[in-house]
Amino acid sequence: MKLIKRAKYIERLANLRGTPDIKIITGVRRAGKSKLLEAYRDQLYSEDGVNIVFIDLSCLENEKLLEYHALNEYVLAKTRDGVENVLMIDEVQECKGFERVINSLHNAGKHDIYLTGSNAFLLSSDLATLFTGRQIEVPVYPFSFSEFLAYYSDATDKESMFDRYLVEGGLAGSYVYRTESDRISYIREVFDTILERDLVQKFKLNEPTVLRHLAEYLMDNISNLTSPHRASVQLAQNKVSTNHVTASNYIDHLLHAFLFHAVKRYDIRGKKYLATSEKYYLSDLGFRYAVLGRRNMDYGRACENIVYLELCRRGYDVYVGKIQDLEIDFVAMRGSEKTYIQVSDNIVAPETFEREIAPFAKIRDGYPRMLIARTRNPETDFEGVRVVNLADWLRG
């Protein structure tokens, strides 16, 4: 499989180097967490004065380390005085009681610690209870469009490649398959594993059919405002009996497994967050196409999903904006920055363009406004609104 250097993630890990946090690389299955840890290890190998203890607990040769006392003794034996000790453990959950080892080593303060593991054991909801010291998540997402282009470096037409990216997604493990059916089978298997192993088995969920239908419902409604009540009503109409309490709990599980992301609404004029309804975005559109096919394939909503993920990759906090009775797709905040963003698949029709920019006119502050669409043209400015071609914006 062709490997792509994920420079932004490496830079993120490098910036956290030496901090007292336990660095935990998280993300949906097959997003590339293990490969990222290996790449960062390889970068550190070139430095003097660094002692790297790298352990992949999924390897048979490390089977003796699956008992936590043995793991602790091994790490201590490999630790050296007078140098920087960096501990990296991949698939850490394979060792029962691993959290006792990590907490003990962290308290001793001799190691810079980096972990990855199966989502069944390192769900975002588990981290605070597993580790008594400080921990920080380094979220890893499936391939961005730029990484997709880097993988298929021989391709020259970025617009046709974006058409492929819309349905193939960013799970790089699927790229090695030569036929569409094999690629789809791979993604479906990842999806099934998330539902069955990461959620049903771990939490002993007694309604796996509800979980699956709920996941498919959220896939089919990416970028639409929804709620557990609305989801349970829709499932009931499709002969899947549940209630809003179960729907709410199962949605939380899907979020903690990194399969979906929830985005809250933000009242721009009132400068407050709204509690009713949220939008849900899929961690990778490849799941949607592999599970649902092209049914109800709304390319505008798909583009919105892609923009949301890219904003997350770039370090923004993202909200859905509300201004009077209109909606701004995204309010993207990063430090002192704030940008209002609308996303559209096609703005050729004048009425579509007017509809997309109308909410901007109601905003009274001076923060930037941007319309990201598939214009296939160079960037332009319309009355202070940047109009940017989606494929170009994704390439940075």
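1. Is the crossing of H10 and H11 left-handed or right-handed? In this predicted model, the crossing of H10 and H11 is right-handed. The contact between these helices draws on Pro 228, His 229 and Ser 232 from H10, and on His 244, Ala 247, Ser 248 and Ile 251 from H11. Sorted by class, the contact of H10 with H11 has 3 nonpolar and 4 polar residues, with no charged ones.

2. The geometry of this pair can be stated briefly. Helix H10 covers residues 228–237 and helix H11 covers residues 244–256; they pack at an angle of about 110°, and their axes are 8 Å apart. H10 is therefore roughly perpendicular to H11, since angles of 65 to 115 degrees count as roughly perpendicular.

3. The crossing of H8 and H9 is right-handed.

4. Which residues make the contact between H8 and H9? On the H8 side they are Phe 191, Asp 192, Leu 195, Leu 199 and Val 200. On the H9 side they are Pro 208, Leu 211, Arg 212, Ala 215 and Met 219. By class, the contact of H8 with H9 holds 8 nonpolar residues, no polar ones and 2 charged ones.

5. The largest nonpolar core has 95 residues, and within it Leu 254, Leu 259 and Phe 287 touch the most other members. Helix H8, residues 180–203, gives the most to this core, with 9 residues. Apart from this core lies another of 22 residues, among them Ile 22, Leu 87, Phe 98 and Leu 105.

6. With neighbours within four places in sequence left aside, Phe 287 is in contact with Val 28, Leu 171, Ile 187, Val 190, Phe 191, Ile 194, Met 219, Leu 259, Leu 282 and Leu 292.

7. The loop between H11 and strand E7 (260–267) contains Ala 257. Is Ala 257 buried or exposed? Ala 257 counts as buried because its relative accessibility is 0%, and the cut-off for buried is under 20%. Ala 257 and Gly 27 are separated by 230 residues in sequence, yet their C-alpha atoms are 7.8 Å apart in space.

8. Phe 258 also lies in the loop between H11 and E7. The phi angle of Phe 258 is near 65°, a positive value in a residue other than glycine. Phe 258 has a relative accessible area of 11%, so this residue is buried.

9. Ser 223, in the loop between H9 and strand E6 (225–226), likewise has a positive phi, near 75°, in a residue other than glycine. Ser 223 counts as buried because its relative accessibility is 6%.

10. Where is Lys 8 placed? Lys 8 sits in helix H1, residues 7–16. With a relative accessible area of 56%, Lys 8 is exposed, as exposed means over 50%. Lys 8 and Arg 313 are 305 residues apart in sequence, while the C-alpha to C-alpha separation in space is 8.8 Å.

Notes. Residues numbered from 1 in each chain as written. Predicted model: local features only at pLDDT ≥ 70, side-chain atom pairs only at ≥ 80, totals over all residues. Heavy atoms only, no water. Axes fitted to C-alpha atoms, helices over the stretch in contact; angles between N-to-C directions. Helix = DSSP H or I, 4+ residues; strand = E, 2+ residues; numbered from the N terminus. Parallel < 35°, antiparallel > 145°, perpendicular 65-115°, else oblique. Left-handed = near helix turned anticlockwise from the far one by under 90°. Contact = heavy atoms within 4.5 Å. Nonpolar A, V, L, I, M, F, W, Y, C, P; charged D, E, K, R; others polar. Core = buried A, V, L, I, M, F, W, Y, C linked by side-chain atoms within 4.5 Å. Buried < 20%, exposed > 50% of the residue type's maximum accessible area, 1.4 Å probe, protein only.
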